[in-house]
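Hi,

Here is the structure I said I'd pass on.

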Amino acid sequence: MSKVKSIRVITLAGLFTALGTVLGLVGKIPITSLIEIRFQSIPVKLAGALLGPYLGGIVGALTDILAYLVKPTGPFFPGFTLSSLATGVIFAFFLHGKKFALPRVIAAEAVITGAIGLCLNSFWLSLLYKTPFLVSVISRAPKELIMLPINIALVYGAGKAVSGVMGKIEQ
């Protein structure tokens, strides 16, 4: 029985990685050189919530690397891989092994928006494009604040759908 669960978990991690990779290729809207609205993090967040911090982080890192290998959109920068890894881990911290509830999704998204979106990714962009960190933060803040409720709605809706399916699969 444990082998079957392991195969299911590995398969699910692979599916989340593949979905995140595809969304990384087609699921982004470029605004400026510093601002992109991306959707590839949704499967990473769900992987963290459902599979835990280790697999959530692995799915996040692999998703970022595979999306870059399939279709590079600029220089590879490992900082963004670290950000994607951290996204899976943070969502696991807030949701793994707990009820998938809106307040938890809001809290996780708020931490990711502040720590990853505004701070860490702005820092990576300031290093990559040699712009002042504060300029990067200020230019990204409106996008991050606009995307916060959108990300909450997308992740919560997708999480409810996936957790409903997961309950049926495990029976």
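This is a predicted model: local features need pLDDT of at least 70, side-chain atom pairs count only at pLDDT 80 or more; totals for chains, interfaces and linings use all residues.

Let's start inside. The largest nonpolar core is made up of 23 residues, and F16, F91, L95, F100, V105 and V155 have the most contacts within it. The elements that each put in two or more residues are α1 (2–26), α2 (41–51), α4 (78–95), α5 (102–129) and α6 (133–169). Which of them gives the largest share? That would be α2, with six residues.

Setting aside neighbours within four places in sequence, V155 touches I42, K45, L46, F91, F100, V105 and E109. Among those partners, F91, F100 and V105 are also on the list of residues with the most contacts inside the core.

I58, L62, I65, L66, L69 and F76 make a nonpolar surface patch of about 500 Å². In general, nonpolar side chains in soluble globular proteins tend to be buried together. L66, from that patch, sits in helix α3 (residues 53–70). Is L66 buried or partly exposed? It counts as partly exposed, because its relative accessibility is 33% and buried would mean under 20%.

Last one: A115, in helix α5, is partly exposed too, since its relative accessible area is 37%. A115 and A86 are 29 residues apart in sequence, and their C-alpha atoms are 9.7 Å apart in space.

Cheers

Technical notes
Residues are numbered from 1 along each chain as its sequence is written. Side-chain values use heavy atoms; hydrogens and water are left out. A nonpolar core is a set of buried Ala, Val, Leu, Ile, Met, Phe, Trp, Tyr and Cys residues joined through side-chain atoms within 4.5 Å. Buried means under 20% relative accessible area, exposed over 50%, partly exposed in between (1.4 Å probe, protein chains only). Helices (H or I, at least four residues) and strands (E, at least two) are DSSP runs, numbered from the N terminus. Contact means heavy atoms within 4.5 Å. Patches are made of residues with over 30% relative accessible area and no salt bridge: like charges are joined within 9 Å, nonpolar side chains (Val, Leu, Ile, Met, Phe, Trp, Tyr) within 5 Å. Accessible areas come from the Shrake-Rupley method with a 1.4 Å probe; for residues, only the protein chains shown count as cover. A salt bridge is a side-chain nitrogen of Lys or Arg within 4 Å of a carboxyl oxygen of Asp or Glu.
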